[in-house]
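Open the model in your viewer and keep the selection tool at hand. The stops below say what to select next and what is there.

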Amino acid sequence: MAENNFLTYKDKPLVRSGNEIYYGDMADSYIIKFKIMSETKVGENKIPEKVTVQLLKSDTQLPDKDRIVKETVKDSFFDALDFGFVWLERALKN
């Protein structure tokens, strides 16, 4: 079996595709989707400013709008990541 080498945060994979970052394991019931809405340039780096956080059902057979359980907007990626982590942990415990 092939081994996946994903970046992880608190033992769950983080996968980036363009301006979207997915957090969690698709084998679980829920995942988190971060969408970078705006960025600011600091030196040669781009830092996310506004980030949408969505708690999603991982069932890809559902229509996109039916997969969204919760949604919010945060002013930094670090705030968004912490918020998403709490939502995901609570959803997976239920």
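A charge sits over a ring if NZ of Lys or CZ of Arg is within 6 Å of the ring centre and within 35 degrees of the ring normal. Select Lys74 and Phe83: the charged end of Lys74 sits over the ring of Phe83, 4.0 Å from its centre. Then select Lys10 and Phe85, where the charged end of Lys10 lies over the Phe85 ring at 4.2 Å from the centre.

This is a predicted model, in which local features need pLDDT of at least 70 and side-chain atom pairs count only at pLDDT 80 or more, while totals for chains, interfaces and linings use all residues. Residues are numbered from 1 along each chain as its sequence is written, and side-chain values use heavy atoms, with hydrogens and water left out.

Next come the aromatic pairs. Rings of Phe, Tyr and Trp (its six-membered ring) pair if their centres lie within 6.5 Å; planes under 30 degrees apart count as stacked, over 60 as edge-to-face and the rest as tilted. A search of the whole structure finds three such pairs. Select Phe34 and Phe77: their ring centres are 5.4 Å apart and their planes at 70°, so this pair is edge-to-face. It links distant parts of the chain, with Phe34 in strand β4 (residues 30-42) and Phe77 in helix α2 (residues 77-93), 43 residues apart. Helices (H or I, at least four residues) and strands (E, at least two) are DSSP runs, numbered from the N terminus.

Now select the whole of α2. This helix has 17 residues. Its buried residues include Trp87, Leu88 and Ala91. The buried residues of α2 pack against β1 (7-9), β2 (12-17), β3 (20-23), β4, β5 (45-57) and β6 (68-74), where contact means heavy atoms within 4.5 Å.

Last, show the strands. Two strands pair if DSSP finds at least two bridges between them. β4 and β5 are antiparallel over 12 bridges, and Lys41 stands opposite Lys46 in β5. These two strands form a hairpin with two residues between them, and Gly43 in the turn has a positive phi of about 65°. Six bridges join β5 to β6, also antiparallel; select Leu55 to find its bridge partner in β6, Lys70.

Notes: Expected span 1.5 Å × (residues − 1). Buried < 20%, exposed > 50% of the residue type's maximum accessible area, 1.4 Å probe, protein only.
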